[in-house]
Amino acid sequence: MVIDYIASWCGPCKFMEPIIKTMASKYTDVGFVKIDVDELSDVAQEYDVQAMPTFLLLKQGKEVERVVRAKKDELEKRFRYTGHCK
């Protein structure tokens, strides 16, 4: 699962949105969730999200990777590294 922590006012979040949509369309066996930190601040605090966008890659409910900021190449690399894509 990929959790995308965003804020509606965040420019880099808007930049990453089409990239995440493409990944979600390509990897249909992986769940993609978007969480607005202003609407669900308690969830963002629980996962120690301090910058947007933050992407958490989870396996079996546990965080295996974290990518902070709009780093497209890094996100794709970590996504492949953790075996999220086949």
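The legends below describe several views of one predicted protein model.

**View 1. The protein chain and its elements.** Three helices and four strands occur in the protein chain, where helices are DSSP runs (H or I) of at least four residues and strands are DSSP runs (E) of at least two, numbered from the N terminus. Along the sequence these elements follow the pattern β-α-β-α-β-β-α. The radius of gyration, taken over C-alpha atoms, is 12 Å, close to the 12 Å that the globule rule gives for 86 residues, so the protein chain is as compact as a globular protein of that length; that rule is 2.2 Å times the number of residues to the power 0.38.

**View 2. Surroundings of Asp 4.** Asp 4 belongs to strand β1, which covers residues 2-6. Beyond its neighbours within four places in sequence, Asp 4 is in contact (heavy atoms within 4.5 Å) with Ile 20, Val 33, Lys 34, Ile 35, Pro 53, Thr 54 and Phe 55.

**View 3. The charge of Asp 4.** Although Asp 4 is buried (under 20% relative accessible area, with a 1.4 Å probe and protein chains only), Asp 4 has no salt bridge, a term for a side-chain nitrogen of Lys or Arg within 4 Å of a carboxyl oxygen of Asp or Glu. The nearest side chain of opposite charge is that of Lys 34, which is 5.4 Å away.

**Notes to all views.** Residues are numbered from 1 along each chain as its sequence is written, and side-chain values use heavy atoms, with hydrogens and water left out. In this predicted model, local features need pLDDT of at least 70 and side-chain atom pairs count only at pLDDT 80 or more, whereas totals for chains, interfaces and linings use all residues.

Technical notes. Buried means under 20% relative accessible area, exposed over 50%, partly exposed in between (1.4 Å probe, protein chains only). Lys and Arg count as positive and Asp and Glu as negative; His and the chain ends are not counted.
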